Every structure is written in C-alpha cells, then in structure tokens.
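Dear colleague,

I am passing on the structure below, together with a description of what I found in it. Please read the description with the coordinates open beside it.

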Amino acid sequence: MIEDIYQYIEDHKEMYLDWLMEICRQPSVAAQNRGMEETVNLVEQYLQRLSFAVESIPTSGNPIVYGELNSGKDRTLTFYNHYDVQPEDPIELWESPPFSPEIRDGKLFARGTADNKGTLLSRICAIHAYQQVYKELPINIKFIIEGEEEIGSPHLSEFTEKHPDKLTTDGCIWENGFKSTDGRLQITLGCKGMLYVELHAKGANVDLHSAKAAIVTNPAWRLVWALSTLKNEQEEILIDGFYDRIQEMTIEEKELTESIDYKEKEELEQLGLKSYLNNLTGFNLKEKLIFQPTCTICGMESGYTEQGAKTVLPSVAKAKIDFRLVSEQDPDEILQLLRKHLDKHGFDDIEIVRLKGQRAALTKLNDALVQKVVSSAEKFFEKKPQVMRSQAGTGPMYTLCQKFGIPAVGFGVGHAGSHNHAPNENIYIDDFIEGIKFAALVIHEF
C-alpha cells in the first residue's frame, strides 16, 4: 500500500529535512565555479546510499552526476535535476546567511531550496522511503544531475552525444516546479527556447571628454537607436521573419490555457504594479505568457554611471538581450535574422556576440507520462493540478528529451513566493515532505 510509504516519510521527515539542509549548506555556484566538486561528492553519496550505480561524467565544464538503479523491470523513469545554484548576491538583502539554512514560519530559507536542491532531494528521499518499505522499486530509475543549468547548460549536449545509452528511458520528470498562488500544483509540459546575445557598439578607441560629442560618434546612442528598431510599443518584435515558424494554438491548448486560474490581482499587488503590458488580462494574458516569444533588454553598460558627474563620451556600449522562443523557432535562424535586421537598418557596425541558444520543447498532451502524472496529482492533492502547456522560462529540455523523442513532465516543491534567483529563497517544509510523497506515488503509478 502506498499509504505505508507515506507513513514512513512522516515518521522520518526530520531525517529527510536534515538531508536537504546538508546539501543547502554546500555552496555550488556554477557562475563562479564555487563549491562544485564538493557538491558532486555529496550528490554521489546520496545516490550510493540508495544502491545506485553512480558515475561522475566529465564535460568541458562541470561534471554530470549519472545514477542508475536497474531492477530488471519493464519500464524506466529518468529524473533530470541540477546541483548548481544562482549566485547569492545581493547578500545584504538576505535575512539569514544564504548557505546557512534557517527555518522561519514553516519555511526553509537558503539558496537552492527551491531551485533545485529541494526538488532533487524530494526525489532521492522518495526512492529511499520506497526501498525501506518495499525493498525493491517497481521500475528502473535513472538520475541525470548536471552542474551548469543556471548558466545555460552549455555542455549538456556533450553528455547526450557521447552517452546516448544513458538517455534511454520511457519518460523524464523535469527538474523544477511550483505551486500557484492558490496552492495548486503546477505541472509543466514544456519550456520556451532562448537566444541570448550581447550587442556591442564601438566609437573612439578611448573614452573622451564629452565636449567631443559634437563631432565624434557616441556608441551609447548608436546602441539605443539600434535597440529601438527591435520592438515597438505594442510589444511586437519587428525583425523580418521572426514569427514565421510559430504554430497556431490547437483547440486542446486553448482549452488548457482557459482552464488556468491565473491570479492576476494577487500577482500585480505582489509586484507593486497596476497592470500588465498592453493592459492584458484573462486568456490573452495567459496566451502571451506561455505561447508568445519575447525580446528583453536584460542589461546595458556604457560610460560613467557612478555617483556624481563625469562628463564623458564613452568609447563602448553593450546590451544583453534575450529572446524567449516558442514552437519551431530556431535560435540559429533567429541569430541570422537579427544580423540581417541590424544591417538593413544601418547598424552593420554593431557586433553581435552569441552567449547561448536553446530550442523550445513540448511534450504531447496525450502522452502516457502526462496522463499518469496528472492522474496521480488528482489522486494525491486536495486541489486539482494546474497543467501548463509550457513554462514561461527556458531549460535544456529539448537537448535532453524531445530531440530524442523522450516525453518530459515537470513538477517540484516550490511555491509562488519561493524567490528563485533572489534573496531569501525558500520553500515550505510541508511542501517538501508532500513532494517526497508525491514523487513516491508517481514512481508507484508509473
């Protein structure tokens, strides 16, 4: 009986919470290459504790921890997670040290609790509990745990190309997920893609006195003018051919989107905003968030921006831009279209530096894995789950799954206020324990 596993988890929840706090104490910041080796060793120990055959597979970057427990069963389920976390800056905004887990008001605060160590440990703990009660799992299990998700998974394709045998599976449970503002589990069936670039505009070979601005090109203005050609005030992206590969929503996708109970008022209040872009609401808001691409200026740098005045004509201007992609949009093609667009508008002097690219990924709505996870959630949770056609964000799901015909479904232990990538990242302890139980149920049902 699955209830026996639930009871075991309840009886040992303090132990499982200790495991989570242990890994959250260990920094693993991929962007700074900090604490990665120590975290790999820790993750390996967790899997070895469960009698997994474990390998640390090297890449040109951080290693991938691969674990396999082959019980000779007919079906195999893979869990994809990552052991790296975002930098903790700005540290001064944390109410407690980011790598010293602290419990307050029923929440565990630490960098990585929600993204992604909490979800990773919920799955490890679920397997442990299942083994303690039933000795043997009903399916074969694989773990693919990478250490570069937070920097765009630049070397995951090395793993997929060199180790195709390790990808073989009947389905993949994706790395992350949350509960919505009304407490419903979100189940995601895909990710948006991305093209991330940096635009460089150059002027003189050195910063000049701003008096020279009368006769010398200002690269900051060049960059601003170039950026203004990419998108209009109605949020329409103006690059020729940009929308050509976007497919229309199906009837099933429209119905699924209609069913999402998006708490607009609560979110606007939380964000301190009066309205969304173009005053979108209802279905149009959800359709824009999930099914439409974006063009976002993520940051700009040029000249003097410190305290006080410095009359300077900058020699360089830079802007980081991400394009979230959907449907069949190819980041390589979008990069070419961007180059053509800038050239067409007289900005052939502006350099484009590609930082990363990722295709969008979608799992079919009628896939057996989708149906099994959704039915398990309906059985387990008091509230009906909120099925999302895709995350609004990006991950390497296509690289690991859809490229090889593998279905992928995401869920996790975070909540609407988990503060992923921000100070005071947290999860509810009850959600973590509940997530262990639900992971065990999915294994049982699959």
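In what follows, an angle between two directions under 35 degrees counts as roughly parallel, over 145 as roughly antiparallel, 65 to 115 as roughly perpendicular, and the rest as oblique. The axes are lines fitted to C-alpha atoms, for helices over the stretch in contact, and the angles run from 0 to 180 degrees between N-to-C directions. Helices (H or I, at least four residues) and strands (E, at least two) are DSSP runs, numbered from the N terminus.

Please bear in mind that this is a predicted model, in which local features need pLDDT of at least 70 and side-chain atom pairs count only at pLDDT 80 or more, while totals for chains, interfaces and linings use all residues. Residues are numbered from 1 along each chain as its sequence is written, and side-chain values use heavy atoms, with hydrogens and water left out.

Helix pairs

Helix α2 (residues 13-24) packs against α4 at an angle of about 140°, the two axes being 10 Å apart, and α2 and α4 are therefore oblique to each other. The crossing of α2 over α4 is right-handed, a crossing being left-handed if the near helix is turned anticlockwise from the far one by less than a right angle, and right-handed if clockwise. On the α2 side the contact (heavy atoms within 4.5 Å) is made by Met15, Tyr16, Trp19, Leu20, Ile23 and Cys24, and on the α4 side by Thr113, Lys117, Gly118, Leu121, Cys125, His128 and Ala129. These residues divide into 9 nonpolar, 3 polar and 1 charged, where Ala, Val, Leu, Ile, Met, Phe, Trp, Tyr, Cys and Pro count as nonpolar, Asp, Glu, Lys and Arg as charged, and the others, Gly among them, as polar.

The axes of helix α11 (residues 368-380) and helix α13 (residues 429-445) come within 10 Å and cross at roughly 130°, so α11 and α13 are oblique to each other; here too the crossing is right-handed. Lys372, Val373, Ser376, Ala377, Lys379 and Phe380 of α11 meet Glu434, Lys437, Phe438, Leu441, Val442 and Glu445 of α13, and by class this contact has 6 nonpolar, 1 polar and 5 charged residues.

Sheets and the helices on them

An open sheet of 3 strands has the order β4-β5-β19 with antiparallel pairing, two strands being taken to pair if DSSP finds at least two bridges between them. Its edge strands, β4 (102-104) and β19 (426-428), each pair on one side only, and the twist from one strand to the next averages 25°. Between β4 and strand β5 (residues 107-109) there are 3 bridges, and Ile103 has Leu108 in β5 as its bridge partner. Helix α4 (residues 113-134) lies across β5 and β19 and runs at about 45° to β19, whereas α13 touches β4, β5 and β19, its direction making about 70° with that of β19.

A further open sheet holds 4 strands in the order β12-β14-β10-β15, again with antiparallel pairing. At its edges stand β12 (296-302) and β15 (351-358), each with a single partner strand, so one side of each is left without a neighbour in the sheet. Neighbouring strands of this sheet are turned by 15° against each other on average, direction ignored. Strand β14 (residues 316-325) is joined to β12 by 6 bridges, and Glu301 stands opposite Lys318 in β14. Helix α6 (residues 219-227) packs on this sheet, touching β10, β12 and β14, with its direction at about 20° to that of β14, and helix α10 (residues 331-344) touches β10, β14 and β15, with its direction at about 160° to that of β15.

Strands β1 (residues 53-57) and β2 (residues 64-69) pair in the antiparallel sense over 5 bridges, and a hairpin of 6 residues joins β1 to β2; the bridge partner of Ser56 is Val65 in β2.

Two loop residues

Ser180 sits in the loop between β7 (172-174) and β8 (186-188). Why does Ser180 count as buried? Its relative accessible area is 8%, and buried means under 20%, exposed over 50% and partly exposed in between (1.4 Å probe, protein chains only). The C-alpha atoms of Ser180 and His415 are separated by 6.4 Å, although the two are 235 residues apart along the chain. Not counting residues up to four places away in sequence, Ser180 touches Gln186, Gln386 and Ala416.

Ala204, in the loop between β10 (193-202) and β11 (208-209), is partly exposed, with a relative accessible area of 26%. Leaving aside neighbours within four places in sequence, Ala204 is in contact with Val216 and Ser315.
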